[in-house]
Each structure stands twice: as C-alpha cells, then as structure tokens.
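Here are my notes on this one, written up as numbered points. Have the model open while you read.

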Amino acid sequence: MTAVSLTLFAISLVAAGDEVPGTPLQVSVVAVQAKNEGRASKYFGPGLERVRRAVSGLDYDSFYKVRSADIPVPYGEEAKIYIDGQYTLYVTPLSVVEDGRIRIKARITMKLKGKTVKALDTTLTMKPGSHLNLGGLRLSSGELIVVISVKSGGS
C-alpha cells in the first residue's frame, strides 16, 4: 500500500464530526497473565497497581504482569508493542469523537506454527482515563489480558 493510499484509508476511517488532533495520544498498555491457582483470595503481582480494578472482576484468582508500556502515538500512525514471544499488539489512534472519547484501532497478532496470524482486530471508542480489557488469548498457563488506557497528549 502506498503512502497516499494509506493516508486515504486512514482518512476514510474518521467519521464526520470527528477530530484528528495534531498532538500524539498517550497510550498505556499493561499485559496481564490471568490464571486460577486455587487461592482463597485474589492475588495481584507487582506492577499491576494501576490496572488492579480493571482486572479484579475477572474469573481468575491470580494476576501477573507480563509487560507494560507507555508511549505517545500520533493519530493515524500504528504503534507496535511487543508483549511476549507469542503476541504483539498494534494500536492506531484514529480520532476524537464529539463527546471526547477516543477512537482507536487495536489488533493483536500471534505466532502459530511458525506463522504470524491475526488473533484480534477491532476498532474501539473509549473515554480517556478509563481502562479497556482485550482478552481471550491463551497462554501456556492461563490467559492473556491486555489492558489499554489512553489520554490526550495535551492533557
């Protein structure tokens, strides 16, 4: 895909009335391994303080940080965030809708039998400062939950 067609594609994803800010979006990602270990009460490993509430309602009793990243991502550009040897997250900020929520495209690829395949591909609208969980991704032990939060570059 040429740069011109990529730009036209990105513009076509922006709905009428949406705004595309010039400042990058601050994207925060915490990848969490969630599993059941037979604990009487839920356990949250180190580094999960800021996403504890986002994952505490899930049906698992143990949560461990796999990776975290905080990066500025310009609107219309895709950022690649390596999670582990199997999964990689790609995030593209698209626009700000009229009520201030942020539209982002998120996809996760996984390595499967020597090939890279799409595990998840979605477009989301989320309120800055809130957390959004992407899950259902198997790990050798437990499940991978990717917690995303965003805030405007200017705030």
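The points below go through the sheets, the cores, the aromatic pairs and a few single residues.

1. **Ground rules.** This is a predicted model, so to speak: local features need pLDDT of at least 70, side-chain atom pairs count only at pLDDT 80 or more, and totals for chains, interfaces and linings use all residues. Numbering starts from 1 along each chain as its sequence is written, and side-chain values use heavy atoms, with hydrogens and water left out.

2. **The four-stranded sheet.** An open, antiparallel sheet is built from four strands in the order β4-β5-β6-β7. Strands here are DSSP E runs of at least two residues, numbered from the N terminus, and two of them pair if DSSP finds at least two bridges between them. At the edges stand β4 (79-82) and β7 (115-126), each with a single partner strand, so one side of each has no neighbour in the sheet. On average, neighbouring strands are turned by 20° against each other, direction ignored; the axes behind that value are lines fitted to C-alpha atoms, and angles run from 0 to 180 degrees between N-to-C directions.

3. **Inside that sheet.** β4 and β5 make a hairpin with four residues between them. Four bridges join these two antiparallel strands, and K80 sits opposite Y90 in β5. Buried means under 20% relative accessible area, exposed means over 50%, and partly exposed is in between (1.4 Å probe, protein chains only). Further along, β6 (residues 102-112) runs antiparallel to β7 and is joined to it by eleven bridges; T109 has K118 in β7 as its bridge partner.

4. **The loop between β6 and β7.** Have a look at K113, which is in this loop. K113 is not a glycine, yet its phi is positive, at about 50°. With 83% relative accessibility, K113 counts as exposed.

5. **The five-stranded sheet.** The other sheet to check is open too, with five strands in the order β2-β3-β1-β9-β8 and mixed pairing. β2 and β8 are its edge strands, each pairing on one side only. Six bridges connect β8 to β9, and the two run antiparallel; L132 stands opposite I148 in β9.

6. **Aromatic pairs.** How many aromatic pairs does the structure hold? There are two. Rings of Phe, Tyr and Trp (its six-membered ring) pair if their centres lie within 6.5 Å; planes under 30 degrees apart count as stacked, over 60 as edge-to-face and the rest as tilted. Y43 and Y64 have ring centres 5.5 Å apart and planes at 50°, so this pair is tilted. The pair links distant parts of the chain, with Y43 in strand β2 (residues 43-44) and Y64 in strand β3 (residues 62-73), 21 residues apart. Their C-alpha atoms are separated by 8.5 Å. Both are partly exposed: Y43 has a relative accessible area of 30%, and Y64 has 21%.

7. **The second pair.** For F44 and F63 the ring centres are 5.0 Å apart and the planes at 5°, so the pair is stacked. F44 is in strand β2 and F63 in strand β3, so the pair ties together parts 19 residues apart in sequence. F44 counts as buried at 16% relative accessibility, and F63 is buried at 0%.

8. **A charge over a ring.** R107 lies over the face of Y90, 4.0 Å from the ring centre. The criterion is NZ of Lys or CZ of Arg within 6 Å of the ring centre and within 35 degrees of the ring normal.

9. **Cores.** The largest nonpolar core has 30 residues, and L89, L134, V146 and I148 have the most contacts inside it. A core is a set of buried Ala, Val, Leu, Ile, Met, Phe, Trp, Tyr and Cys residues joined through side-chain atoms within 4.5 Å. β6 gives the most to this core, with five residues. Apart from it lies another core of eleven residues, among them V51, V55, Y60 and V147.
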